[in-house]
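The sequence and the model come first, and notes grouped by topic follow.

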Amino acid sequence: MKEIKLDKSEREMLAAYESGALESVLTPARKKQIKEVAENTLKKDRHVTARSVKSRRCVA
């Protein structure tokens with residue numbers, strides 16, 4: 001597997017993540033909002049039909 005090159009700030013973030021120093025700031029309200037957005041994104045609320053439409057010539 002190819003090694004990924006990280007800059008200084010990325011290495012610091014990775015080290016903090018791996019040491020367990022990072023904590024989640026996800027609140028129950030934000031979690032609910034994200035869940036609702038995801039559900040609405042996946043909800044099928046319209047039926048779309050693609051049809052062949054013949055063009056009409058306008059006689060003027």
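Arg30 sits in helix H2; helices (H or I, at least four residues) and strands (E, at least two) are DSSP runs, numbered from the N terminus. The model is predicted, so local features need pLDDT of at least 70 and side-chain atom pairs count only at pLDDT 80 or more, while totals for chains, interfaces and linings use all residues. Residues are numbered from 1 along each chain as its sequence is written, and side-chain values use heavy atoms, with hydrogens and water left out.

**Arg30**
- Arg30 is partly exposed, at a relative accessible area of 43%; buried means under 20% relative accessible area, exposed over 50%, and partly exposed in between (1.4 Å probe, protein chains only).
- The side chains of Arg30 and Gln33 are joined by a polar contact of 2.9 Å. Such a contact is a pair of N or O atoms within 3.5 Å; within protein, one must be able to donate a hydrogen and the other to accept it, and residues adjacent in sequence count only if both atoms are side-chain atoms.

**The whole protein**
- The protein has 2 helices and 0 strands.
- Of its 60 residues, 2% are buried.
- The protein exposes about 7,100 Å², of which carbon and sulfur atoms supply 55%; accessible areas come from the Shrake-Rupley method with a 1.4 Å probe, and for residues only the protein chains shown count as cover.

- The 15 residues of H2 should span 21 Å at 1.5 Å a residue, and the end C-alpha atoms of H2 are 21 Å apart, which agrees. The expected span is 1.5 Å times one less than the number of residues.
- H2 lies largely in the open, because 0 of its 15 residues are buried.
- For H1, 12 residues should span 16 Å, and its end C-alpha atoms are 17 Å apart, which agrees.

- Ser24 lies in the loop between H1 and helix H2 (28-42).
- Ser24 counts as exposed, at 65% relative accessibility.
- The Ser24 side chain reaches the backbone nitrogen of Leu26 at 3.2 Å.

**Leu14 and the nonpolar patch**
- Leu14 is in helix H1 (residues 8-19) and is partly exposed, with a relative accessible area of 37%.
- Ile4, Leu6, Leu14, Tyr17 and Leu22 form a nonpolar surface patch with about 530 Å² of accessible area together.
- Patches are made of residues with over 30% relative accessible area and no salt bridge: like charges are joined within 9 Å, nonpolar side chains (Val, Leu, Ile, Met, Phe, Trp, Tyr) within 5 Å.
- A salt bridge is a side-chain nitrogen of Lys or Arg within 4 Å of a carboxyl oxygen of Asp or Glu.
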